[in-house]
Amino acid sequence: QLQLVVSGGGLVQPGGSLRLSCAASGFTLDYYTIAWFRQAPGKEREGVSCISSSYSSSGVRTNYSDSVKGRFTISRDNAKNTVYLQMNSLKPEDTAIYYCAAGEYYGGSYWARRSRYDYWGQGTQVTVSS
């Protein structure tokens, strides 16, 4: 059974950091493009970042939304079958439920389209507040 397990959320003060983890069971995560999405109350789920498979013909590619570029970093640890989202300089507007998702193909400029992803992990709450 293919499963993504998300962990690492919590409460942090503005300017603080958190690292989210997306661990896979039942399949090799590196065969897939992995994306992080988030959904704030009353808003649509939006793409935060993605990382393509190491097996992609164009090599490993990463994408970030404009709102997190320069503050968040996505990475893989293939030995642990896990993808991370390091979140630094957190702002109150980063407060949301964060999800990871796996898709078979790298979407390029369409990476943030939810329909590109077949498997979704459960969400983890990130709250940025003083």
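Let me begin with a definition: strands here are DSSP runs of E of at least two residues, and helices are runs of H or I of at least four, both numbered from the N terminus. What I am showing is a predicted model, in which local features need pLDDT of at least 70 and side-chain atom pairs count only at pLDDT 80 or more, while totals for chains, interfaces and linings use all residues. Residues are numbered from 1 along each chain as its sequence is written, and side-chain values use heavy atoms, with hydrogens and water left out.

I will start with S89, which sits in the loop between strand 8 and strand 9 (96-103). Its phi is positive, about 50°, although S89 is not a glycine. For context, most residues other than glycine have a negative phi.

Now to N81, in the loop between strand 7 (72-77) and strand 8 (82-87). N81, also not a glycine, has a positive phi of about 55°, and because its relative accessible area is 17%, N81 is buried.

N81 leads us to D30, since the residues that D30 touches, leaving aside those up to four places away in sequence, are S53, S54, Y55, R76, N78 and N81, where contact means heavy atoms within 4.5 Å. D30 lies in the loop between strand 3 (18-25) and strand 4 (33-39), and D30 counts as buried because its relative accessibility is 7%.

How values were computed
Buried < 20%, exposed > 50% of the residue type's maximum accessible area, 1.4 Å probe, protein only.
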